[in-house]
Amino acid sequence: MNINRAASILLPLVFFLAFFQESVDGRPLSLSLLRPKPDDAARFARWLVSQSSWGVLNTIASDMGGAPFGNVVSFSDGLPDKGRGIPYFYLTTLDPTARNALKDQRSSFTISEYAIGTCGKTDPENPSCAKITLTGKLKVLNGDPKETSFAQTALFTKHPEMKGWPKSHNFQIFKLDIEDIFMINWFGGPKPITVDQYLQAKM
């Protein structure tokens with residue numbers, strides 16, 4: 001067997017085994033954009049948000065004396081590779097997160113790079129496995145019809161199952177108006193990123 005033919009057989013097998021291992025670990029790789037360098041902080045933050053599909057959304061629970069309440073939620077910031085950086089959510093008041101936000105909009109949203117499979121065997125708390133927390137106000141989206149249409153398309157494209165969720169549950173689209181960004185993607189502490197730098201970063 002010549003070298004070229006051997007390579008044509010072995011390379012797909014290597015890629016399959018690598019993907020299979022990630023799938024076994026529960027973190028299938030399906031990224032469409034290359035991982036930016038850690039020192040390109042704003043672009044890295046946008047990449048991490050764009051490539052992620054879920055995170056932990058934290059709200060203030062007034063019925064628990066103002067205690068923080070974290071909840072795993074799905075989200076989208078736009079169509080694949082065309083995200084705007086603003087997280088949109090599809091929530092129902094049957095769940096505490098939406099109820100909390102309607103009483104107190106203060107919220108934070110945390111995403112880990114570990115979930116998208118690019119940390120390998122590195123522990124999620126290791127600084128080289130990026131994590132980002134977006135803090136701001138969680139608001140119902142009921143104003144600009146263009147933004148509402150954009151958000152719905154973004155959510156239903158990334159999470160097709162949402163289209164079939166019960167109408168009787170009165171799901172609404174929420175957005176996080178970002179006021180502060182905390183991100184660690186390497187050793188040396190959090191990267192300084194302003195909201196403007198984050199939103200204006202080119203993908």
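Reader: Which residues have the most contacts inside the largest nonpolar core?
Author: They are Phe89 and Ile132, in a core of 39 residues. A nonpolar core is a set of buried Ala, Val, Leu, Ile, Met, Phe, Trp, Tyr and Cys residues joined through side-chain atoms within 4.5 Å. Buried means under 20% relative accessible area, computed with a 1.4 Å probe on protein chains only. This is a predicted model, in which local features need pLDDT of at least 70 and side-chain atom pairs count only at pLDDT 80 or more, while totals for chains, interfaces and linings use all residues. Residues are numbered from 1 along each chain as its sequence is written, and side-chain values use heavy atoms, with hydrogens and water left out.

Reader: Which helix gives the core its largest share?
Author: Helix H2 (41-51) supplies that share, seven residues. Helices (DSSP runs of H or I, at least four residues) and strands (runs of E, at least two) are numbered from the N terminus.

Reader: And what is Ile132 in contact with?
Author: Leaving aside neighbours within four places in sequence, the contacts of Ile132 include Ala45, Leu48, Phe109 and Ile181. Contact means heavy atoms within 4.5 Å.

Reader: What about the sheet: in what order do the strands come?
Author: The six strands form an open, antiparallel sheet in the order E2-E1-E4-E5-E6-E3. Strands E2 (67-74) and E3 are at the edges with a single partner each, so one side of each has no neighbour in the sheet. Two strands pair if DSSP finds at least two bridges between them; E4 and E5 have seven.

Reader: Which helix lies across E3 and E6?
Author: That is H4, which runs at about 80° to E3. Such angles run from 0 to 180 degrees between N-to-C directions, with axes fitted to C-alpha atoms, for helices over the stretch in contact.

Reader: Changing topic, how many disulfides are there?
Author: There is one, joining Cys119 to Cys129 with an S to S distance of 2.0 Å. The cut-off for a disulfide is a pair of cysteine sulfur atoms within 2.5 Å. Both cysteines lie in the loop between E4 and E5, so the bond ties together parts ten residues apart in sequence.

Reader: Is Cys129 buried or exposed?
Author: Cys129 is buried, with a relative accessible area of 0%; Cys119 is buried as well, at 9%.

Reader: Finally, what is the average pLDDT?
Author: The average is 88, and 84% of the residues score at least 70. The pLDDT is the predictor's confidence in each residue, from 0 to 100. Over residues 4-29 it is below 50.

Technical notes:
Buried < 20%, exposed > 50% of the residue type's maximum accessible area, 1.4 Å probe, protein only.
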